Amino acid sequence: MTEAAPRVKVQLFESESIVGRGRRKVTYLVRVNDAWVPASTHESATVERLSAAPGTVWEHRVDLCLPVGARLCRIESTPLAEPPRDALDYLTDERRSPRRASRRRELVVDRRGDLVDAPARR
């Protein structure tokens, strides 16, 4: 009989803020079986909307109760810098929003409920 991993409280902050050329968005995913689910929709999630500071569109605090060793993914999406263009390029360009860069960072819950970098997979 295997013993279940102890569960700890994890606190995450998700937000969207105004930056040069657009918006910066930070969200989290939680690994559940073989799928990634948004942290705010996880079965143990309690979500609290925080008051937005200047330059912040929205901010949420997500409290979770997860087993030690649970995997999470932090996703940060930011607008990319635009290459220099002339006036005609601006007029003929059909893009509605700036291109975006997305950075993903896999994390693991430690015994204190802190998020640490996940060990590299082999």
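View 1. R21 has 49% relative accessibility, so R21 counts as partly exposed; the classes are buried for under 20% relative accessible area, exposed for over 50%, and partly exposed in between, with a 1.4 Å probe and protein chains only. The residue belongs to the loop between β1 and β2. Strands here are DSSP runs of E with at least two residues, helices are runs of H or I with at least four residues, and both are numbered from the N terminus. Phi of R21 is near 70°, a positive value in a residue other than glycine. For background, most residues other than glycine have a negative phi. Please keep in mind that this is a predicted model, in which local features need pLDDT of at least 70, side-chain atom pairs count only at pLDDT 80 or more, and totals for chains, interfaces and linings use all residues. Residues are numbered from 1 along each chain as its sequence is written, and side-chain values use heavy atoms, with hydrogens and water left out.

**View 2. N33, an exposed loop residue with a positive phi.** Move along to the loop between β2 and β3 (35-38), and you will find N33. Phi of N33 is near 55°, again a positive value in a residue other than glycine. N33 counts as exposed because its relative accessibility is 71%.

**View 3. S15, a buried serine in strand β1.** S15 sits in strand β1, which covers residues 7-19. With 14% relative accessibility, S15 counts as buried. Leaving aside neighbours within four places in sequence, S15 is in contact (heavy atoms within 4.5 Å) with R24, K25, V26, W58 and E59.

**View 4. V30, a buried valine in strand β2.** V30 is part of strand β2, and at 1% relative accessibility V30 counts as buried. Beyond the neighbours within four places in sequence, the contacts of V30 are A35, W36, V37, A39, H42, L64, L66, R71 and L72.

**View 5. The largest nonpolar core.** A nonpolar core is a set of buried Ala, Val, Leu, Ile, Met, Phe, Trp, Tyr and Cys residues joined through side-chain atoms within 4.5 Å. The largest one has 14 residues, and those with the most contacts inside it are L12, A39, L64, L66 and V109. At least two residues of this core come from each of β1, β2 (22-32), β5 (56-67) and β7 (100-109). Take a look at L12: apart from neighbours within four places in sequence, L12 is in contact with Y28, A39, H60, R61, V62, L64, L72 and L115.

**View 6. The surroundings of the close-ups: the whole chain.** The protein chain has 1 helix and 8 strands, running β-β-β-β-β-β-α-β-β from the N terminus on. Its C-alpha atoms fill a box of roughly 70 × 40 × 20 Å along the principal axes. Buried residues account for 28% of the 122 residues. Of the contacts between residues at least 6 apart in sequence, 62% join residues at least 24 apart.
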